[in-house]
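Subject: Structure handover and what was found in it

Dear colleague,

I am passing a structure on to you, together with some notes that are meant to be read beside it. Please open the view below before you read on.

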Amino acid sequence: MTELVATDNSDESGCLLHTSPAFLFCRVDSLTACTSGPSYEITHSGDGISTGHWVCFKPHRYWPLIELLRQYELLGVRLRYEDLFRRLRRDLQQPGAAAEEESLEPPPRESFNRWMMERRSLGSKQTDPLIPSAGPAMSGASKVEEAGSVEREILDDLPVKIRLGDTGQETFENTLQFSRMLVSAVDSRRKDVSTLPTEVIYPLFRWLLELQGGSASQLEVSSSDKLVSEFICQYGQLLAETEAPTVVYRRGRNTQGTAGESRLPLFSKDDVYRTIYLARPVVKCLYGEQVSSVTRELERSSRDAALRVASVCSSYAAGAGKTGVQDVEDRDPLEGLVEHFKRRCIRSGGAEAVLGPIKWMSGRSHEFFEFIQDLEATDSLPLETREGGLRSLTRKYSVKAHKVAELWNRFALGCGGSALNASSEETRTTRAVGRYLNRDCVCKGTGWRPGEWTCSCVREVVDRVRRSERYGSLFASAVFALLCRYHSICGCRNQGRGLQSAVPPRVLDFLRDSLDVNCELFASPLNVHLDSYCSMFPDIDVMFGSQGSFFDPDFNVREGSFEANPPFDEVVMARMVTRLLAWLSESEQLHPERPLSFCLFLPDWSNAPSEYMDALTHTKFLRLSAVLLPEEHSYWNGFQHFCHSSVVESTAVCRTIFAVLQNDAGRERWPVTDDFVVRLRRTWRSHGAAL
């Protein structure tokens with residue numbers, strides 16, 4: 001149950017559990033333990049889930065402005081990261097190499113977004129929800145967690161990125177280019193590489209010699225310095241013999257067991273991953289310090305940005321009784337920023353309403369929320385003009401009308417209908433729209449006809465909410481803040497789509513019917529399907545029914561059946577599996593009678609060792625592990641709330657592992673059989689009608 005109320009608390013005896021002023025809503029130990037001042041409060045709980053209390057001291061008219069500031073600061077950190085990466089590439093560029101275009105390449109795709117998600121999963125109460133600031137890691141942090149994926153991803157692109165070609169031969173040639181540049185770097189720094197153990201560098205040297213058409217049988221492995229010297233010598237001889245080896249079949253051992261050409265598969269993506277994995281220790285030895293300097297500078301930039309956001313948020317909370325944003329004092333004017341705003345030419349075909357700083361417009365099948373305040377004339381924010389500053393700041397967002405109806409369902413009905421001390425008329429409105437929001441009525445957009453409104457349930461909801469004097473302004477500010485927050489993790493090139501991909505609703509329905517799954521541990525208000533869920537940004541998502549972040553220390557699971565489809569990031573997935581196993585172990589020791597079950601959807605990255613896979617395969621709680629081939633399943637687009645219906649669902653790009661973790665009581669309550677796996681594959685294979 002969730003409840004949202006507006007109050008004016010003056011009790012200062014309690015303390016906030018999450019004290020970052022950059023949050024919108026902060027979690028508290030109880031609703032009476034709040035600092036003074038007007039606030040919005042939310043209480044929610046669920047079966048088998050710890051109860052949570054959340055409070056916000058910032059007037060809702062400030063929420064859109066805060067999220068625009070956050071978007072601006074985050075974009076600045078992102079651009080700073082890209083600049084640091086390009087400088088690194090230029091500094092490491094080998095003399096005489098004609099690779100000017102290489103130095104202009106952006107960092108590894110999604111690396112910045114994964115870095116944000118990893119920082120958010122640290123489990124620190126002081127970690128800002130969007131601008132990752134320094135915070136203590138969870139206990140038992142692994143080596144992977146200490147470094148994070150951003151450093152590893154940068155290293156994997158050095159000394160040059162291995163590109164997957166259209167053919168095996170093209171991929172092989174790109175891998176050879178990487179190998180030759182790496183060997184050249186090893187030759188120039190033999191003393192440093194010789195400090196690595198022979199068991200670390202020998203597999204790499206053997207593989208590089210095989211790629212070049214040679215053999216490692218003559219290498220001396222008695223010491224690292226001899227191994228490095230002999231490898232450089234043999235590799236140089238191979239280069240002199242042949243400048244362009246071809247790959248039809250890789251060199252290996254034939255059916256008679258003798259050296260020679262064997263009928264192995266063509267050079268593939270797995271071979272590229274093997275090359276990168278074997279080269280990691282040597283690459284880190286060669287370039288680790290330079291890459292670490294990039295990540296340190298990234299951390300510093302993010303902390304500075306977090307402080308600026310927190311400072312403004314504190315001012316808004318302190319100035320809750322003021323009349324407008326322009327009352328915030330001692331701020332530099334927003335000079336030269338308005339021309340950078342991204343204005344999309346959208347023709348709205350329906351009604352519109354101005355609700356505070358937000359204009360809410362209706363199109364044929366989408367709703368549009370636009371921030372219309374003149375920032376340059378009416379606002380003063382501490383936005384510093386930086387080199388390479390704002391390139392694209394979005395203040396107008398579109399979302400499908402049926403998604404707006406679903407958001408309202410979770411916002412108003414799930415919050416108990418008591419928001420902002422609503423009048424009896426407003427309460428009747430809330431109850432009235434409830435008739436249009438059950439699963440059998442909301443058509444999810446399938447009833448639209450071009451050029452006209454035909455879906456009465458969605459139209460009724462949208463019109464009623466927009467006309468609501470009290471709810472309309474609060475809801476419009478909340479939706480704009482939500483859209484702006486999730487857009488911020490996509491950057492100026494709309495990245496982040498893959499990290500927000502979702503399991504198709506028909507698969508979630510199957511899990512709910514078969515295993516009583518009713519909570520998604522990794523979702524968002526924009527892609528959630530089940531009744532209960534956790535999300536990345538609880539400080540804003542709690543307004544739409546989120547139970548909080550999976551990684552928040554105060555979030556705890558005692559019993560029930562849950563689904564987890566985390567972002568496909570190695571660090572996040574390792575932390576997730578570690579926490580799930582801790583909950584299962586605790587339940588077995590303290591509450592063995594309570595059933596607990598988790599259905600996991602993870603990428604099959606078996607081509608290289610992975611921490612999360614090691615943890616899964618060695619736990620006694622693993623009841624099922626099945627691999628789905630790419631052609632056997634699909635995922636829903638991370639931009640499903642606004643993208644075209646033709647691209648909502650698409651075939652997976654890699655194999656997926658479906659795993660079930662259960663304690664003994666959970667295994668008895670929800671047994672997973674061979675028939676269950678067959679029905680799961682059949683359900684997932686059939687593409688449903690996309691929105």
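The model is a predicted one, in which local features need pLDDT of at least 70 and side-chain atom pairs count only at pLDDT 80 or more, whereas totals for chains, interfaces and linings use all residues. Residues are numbered from 1 along each chain as its sequence is written, and side-chain values use heavy atoms, with hydrogens and water left out.

The whole protein

The protein has 21 helices and 20 strands, where helices (H or I, at least four residues) and strands (E, at least two) are DSSP runs numbered from the N terminus. Of its 691 residues, 56% count as buried; buried means under 20% relative accessible area, exposed means over 50%, and partly exposed lies in between, with a 1.4 Å probe and protein chains only. Among contacts with a separation of 6 or more, 74% are made by residues 24 or more positions apart, a contact being heavy atoms within 4.5 Å.

Aromatic rings

Rings of Phe, Tyr and Trp (its six-membered ring) pair if their centres lie within 6.5 Å, and the pair is called stacked when the planes are under 30 degrees apart, edge-to-face when they are over 60, and tilted for the rest. By this rule there are 28 aromatic pairs. One of them is the tilted pair of Phe231 and Tyr235, with 5.6 Å centre to centre and 45° between the planes. Both residues lie in helix α9 (residues 224-241), 4 residues apart, which is about one turn of the helix, and both Phe231 and Tyr235 are buried.

Phe601 and Trp684 form an edge-to-face pair, at 5.3 Å centre to centre and with 85° between the planes. This pair links distant parts of the chain, since Phe601 is in strand β16 (residues 596-603) and Trp684 is in helix α21 (residues 674-685), 83 residues apart. Phe601 counts as buried because its relative accessibility is 0%, and Trp684 is also buried, with a relative accessible area of 0%.

A charge sits over a ring if NZ of Lys or CZ of Arg is within 6 Å of the ring centre and within 35 degrees of the ring normal. The charged end of Arg466 sits over the ring of Trp360, 5.4 Å from its centre, and Lys396 lies over the face of Phe368, at 6.0 Å from the ring centre.

Single residues

How many disulfides does a search of the whole structure find? The count is 0, with a disulfide taken as a pair of cysteine sulfur atoms within 2.5 Å. For Cys534, the closest cysteine sulfur is that of Cys519, at 4.9 Å, so the two are too far apart for a bond.

Ser610 is in the loop between β16 and α19 (611-617), and it is buried because its relative accessible area is 4%. Leaving out residues up to four places away in sequence, Ser610 touches Glu570 and Trp605.

Most residues other than glycine have a negative phi, and most peptide bonds are trans. Leu158 and Pro159, however, are joined by a cis peptide bond with omega of about 0°, and Pro159 lies in the loop between α5 (149-156) and α6 (168-188). Asp516, which is not a glycine, has a positive phi of about 60°.
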